[in-house]
Amino acid sequence: MSITTTKADDRPRVDPEDQVMRVRGVTLRFGGLVGLSDVALDLHRGEVLAVIGPNGAGKTSLFNSLTGMYVPQEGSIVLRDRAGGEHSLKGRKPHLVNRLGVARTFQNIRLFGALTALENVKIAAETRQKAGPVSIMLGLPNARREDRESDRRALELLHFVGLDGLLNELAASLSYGQQRSLEIARALATDPQVLLLDEPAAGTNPTEKLDLEVLIRRINRELGISVLLIEHDMRLVMSVADRVTVLNFGKVIASGSPAEVQRNPEVVAAYLGAEMAAEMVAAAEAEAVDGSDGTVPAQRDGEEQR
Amino acid sequence: MTTTTTKEADVAPSGSALARLRRKRWYQQPMVGRLVGIVSAAVLLDVMSGPQGSREDVFFSLDKTLGSLRVVWWLIGAVVLWAILEFTKPLYNRYLAASVGPLERFHTPVTGPVRQLVAQTRETSANLRRIVWVRIGFSVVVIGLLILLPSLLSTFWNQVLVNEVAIYVLLAIGLNVVIGWAGLLDLGFIAFFAIGAYSTAYWTGAMPVDPPFKLNAFLVIPVAVATCLLAGLLLGAPTLRLRGDYLAIVTLGFHEIIYLIAKNADGFTNGPRGVQGISNFRVHIGPIDYKWELAPEPYWYLLIGIATVLIIAFLRLEHSRVGRAWTAIREDEVAASATGVPTVKFKLMAFAIGASTSGIAGVAYASKAGFISPESFLLLFSVLVVAYVIFGGMGSLWGVIIGTAFLAWLPQYMKDWVNPNDRFMYLGALLIIMMIYRPQGLIPSVRRKRELSMAKAGLGDADAMSEPAGGRMT
C-alpha cells in the first residue's frame, strides 16, 4: 500500500450499507460479572466511529473482544473485506484477526521498549512477509529484498506520523506523545482496513492533542482506513468522529451523530448522574429555544494514570 | 493562611530531615550486603573444601577449617575480591554509559521527506557495512588463532578443547537461540543432545538394533537434525502455549523421559552399559579418503567449521524479521500478537532450531567419543549449559561463546590445584558472584546494554525480567 496524499478535505464517501465491521449481540461474561451485554455496533467503511462511556463501561473489553484477546460467549463479529467476503472474528487468534485487517493500539502503550522506533514498526510490517528461517540463514536474495522493503515501509510510516528524526531512538526513551504516535505507526504497518484506537489522547498535552486530531483525520481520509476510537476527550471526539456510540455498564445506550448523542438524556445521565442530568436537559432545552446547541461539558472521568 | 503554612512546615520534614530519612545506614548500603554475601560464601567454601569430618571427633572438620589459619586466608581472599569488584564496578558502569551501539554512533537527527530519509538510512547502512568489514577481518584473525591453538597445547588440553569446550560452545550457541532470543527457559536441552548421539549410534550400526542401511557419520548430521527438529516440534507444539515457568518443568520432564528411555530400553539402547564402537567421521569421495581417528586436532578443526557456519547463520537470524519477532515476543507477547506476529509459530521455530543445534553437537560428541551411555546425558549437563549461557550474557552470541569456553575450561584447569570433587562448588561460587555483580552476563547483548545505560539515566529497567517502562497493562 502506498501513501497517497490527497487533499485533506475530500472525505471518502461513507456508504451506510457498506459495513466494514458488524457486531451483533456480543455478550461477554467474566464468571458472574457481565462485561458486555448484547452489544451491537456497525462500522461503515471509511468513517470514524467513537465509542464513549464512563470508566468500566466495557469499552476496552469491546476492543479486546473485537481483536481476539477475549472470546465473547455470545454474539457475532463479522469483518467484510473490500471484495465483500465476510470473516467472523469471534474466537479468532489475535494475530489472525490482525492479518484480516484489524489493527489496534493499547490504552497503556505497549511498545517494544528496548527496540528502536524503526524496529518497532518493522516488526509489524514484516508480519506480512514470507521469507522463512532457512532462506534468512542462507542469506538468500528474497530475504534481503524483504528486509529492504520493510525498511522502506517503516520509514514511510514513521514519516507519516511525524517521527522522522527518531528512527534510531529506543521506543522507551521517546516522550509519551511520541510513543502514542509510534504505536499508531506500528498498527498502520500491518496494512489494516480498520484501526482501533484505545484512548490515543490520554496523557498527551493540548498541542499533541491537536496533532493527534489531524493524524486521525489523515489516517481516515488519506489512507481510507475506518477508525474505531475510544476516547474520553469530548472535544476530540466531537471534532473527529462521524458517529458516536455510547456504552454504559456493558450496554449500548445511545448511538448517532455527535450532536444527537450529546442531547440524549440517557447519555447525560450516565455521565453526570440522573439528577444533574435532568437539570442539564432542562437547560439544554431552554437553550435550544434560543437556537444554540446544548453541550455536555467535556467530562473527563478517566484521566490516564501512567 | 500563615497558620496553615507553619502547620505544613511542622508536619512535612524539612530538606535536611528528608535527606536524613533517605540516607541509608552503613549496614544498609548494597555494597555491604555484597561483602556479607561474598564472605559467607568464602566461609562456606572453606568448610566444604577442607578435610572431611571424622566419627571420633564431631568437630574435627570445623576445627581444621574454621579453627585454623586457613579461614583467615579465605576471609582475606574474600575481602580482597570484594574490594576489587567494588572498585571496578563504577569504572565499568562509566564505560557502559559512554559506550554506544553502532546504530547510535552514526545517528544524526533527520528531518525531511521520505526520499531523504531513505538516503539517510543508506548512509547509515554504508557505515554499518564498514563495521561489518572490520568485524569480518577480526573474525578471520580469531579463526586463524583458533586453528593455531592446538599446536600450542598438550594432548590433554587438546582433548579438553574438543570434548569440553567445543561441544559445550555448540550447545550454548543453540540454547542461546531458545533462552537468549526467544526467552524460553529450556531445562531439558541435553535431551536433544542425547537424541543426536543415539541417532548417530543407530545409523552407524553400533546399537543392538540394526538400521535399514548404514550411514557415514557426516550423513547422520542431517538425519539427526531432522530427528531433533521433529522431537522439538512434538514437544513444543503442545507446551509452548504454556507460560515460561511451566515450560521449564515440561522440558525438565522431557529430559528425564529421554534419559530413562536410554537407560531402560535395554534391547534398543543397550541400557546402562552404553553403546560402543560408534564409527568416526570419514570423508570418502573419489581419491580423497580421510578418517577422523583418535587425535583431537582434526575434530577441533571440524567443530570450528561447524560452529562458524552456525554462528553466521544465527547472526543473520538475529538481525532478521525472525530475530525481531523473537524480541517482540520476549518483551510483550500480547502486543506482539496484536501486531500480527504468530507467537506460537515463532516460539516453536526457536525451540526447533535450538533442538537441532543440540542434535548436531550430539552427533559430534558420539562420533568423537565412540562410546555413549545414559550417564553422558545427565540433567546436570542441561543445567550447566543454562548456567553457561546466563554467565556469558543471554542473547549475546559472542558473550555466550566466550563465557562457555571459559567455564568449560575452568573445571579442567582447577583439577590440578584443588580437590577435583570440589570443582563444581567453585564454579557455583563464581556464578553467584557473577550474578551479584554482573547479572547481565560477561558480555551483555547490545539491546541489554542499551537497557542498562537507559536505566542509569533513569529510563526503563535494566532487568529484562521485569516490565519495561512506558506503561503496561496491569
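How many bridges join E1(A) to E4(A)? There are 5, and the two strands run antiparallel. Some notes on the rest follow.

1. **Ground rules.** This is a predicted model, in which local features need pLDDT of at least 70 and side-chain atom pairs count only at pLDDT 80 or more, while totals for chains, interfaces and linings use all residues. Residues are numbered from 1 along each chain as its sequence is written, and chains are lettered from A and ligands numbered from 1 in the order in which they are written.

2. **Confidence, overall and in chain A.** The model comes with ipTM 0.83 and pTM 0.82. I'd read two stretches with care. Residues 4-9 of chain A have pLDDT below 50, with 7 contacts beyond near neighbours in sequence; a contact here is two C-beta atoms, placed from the backbone, within 7 Å. Residues 291-306 of chain A are also below 50, and that stretch has 30 such contacts in the model.

3. **Confidence in chain B.** Chain B has a mean pLDDT of 82, with 84% of its residues at 70 or more. Helices (H or I, at least four residues) and strands (E, at least two) are DSSP runs, numbered from the N terminus. Residues 1-9 of chain B stay under 50, and the model gives them 0 contacts beyond four places in sequence. Residues 100-113 of chain B are below 50 as well, but that stretch has 23 contacts beyond near neighbours in sequence.

4. **The sheet in chain A.** Here 4 strands make an open antiparallel sheet, in the order E2-E1-E4-E5; strands pair if DSSP finds at least two bridges between them. Strand E2 (33-44) and strand E5 (86-88) of chain A are at the edges with a single partner strand each, so one side of each has no neighbour in the sheet. From one strand to the next, the twist averages 20 degrees.

5. Strand E1 (residues 19-30) of chain A pairs with E2(A) over 8 bridges, in the antiparallel sense. Val23(A) has Leu41(A) in E2(A) as its bridge partner, and Phe30(A) is opposite Leu33(A) in E2(A). On the E4(A) side, Met21(A) is bridged to Leu79(A). The hairpin of E1(A) and E2(A) has 2 residues between the strands, and Gly31(A) takes a positive phi there, near 60 degrees.

6. **Helix over sheet.** Helix H1 (residues 59-66) of chain A lies across E1, E2 and strand E4 (74-80) of chain A, at about 65 degrees to E2(A). Axes are lines fitted to C-alpha atoms, for helices over the stretch in contact, and angles run from 0 to 180 degrees between N-to-C directions.

7. Most residues other than glycine have a negative phi. Asp38(A) has phi near 55 degrees and lies in strand E2 of chain A. Asp38(A) counts as partly exposed, because it has 14 C-beta neighbours inside 10 Å (buried means 20 or more other C-beta atoms, placed from the backbone, within 10 Å, exposed 12 or fewer, partly exposed in between). Glu199(A) has phi near 50 degrees and sits in the loop between strand E7 (194-198) and helix H7 (206-221) of chain A. Glu199(A) counts as buried, with 22 C-beta neighbours inside 10 Å.

8. **Nonpolar cores.** These are sets of buried Ala, Val, Leu, Ile, Met, Phe, Trp, Tyr and Cys residues joined through C-beta atoms within 7 Å. The largest has 186 residues, and those touching the most other members include Leu158(A), Ala185(A), Leu170(B) and Ala350(B). Helix H8 (residues 155-181) of chain B gives the largest share, 17 residues. A second, separate core has 5 residues, among them Ile38(B) and Trp74(B).

9. Helix H13 (residues 296-318) of chain B has 23 residues, which at 1.5 Å a residue should span 33 Å; the end C-alpha atoms are 32 Å apart, which agrees. The expected span is 1.5 Å times one less than the number of residues. Buried residues in H13(B) include Tyr299(B), Trp300(B), Leu303(B) and Ala307(B).

Technical notes: pLDDT is the predictor's confidence in each residue, from 0 to 100.
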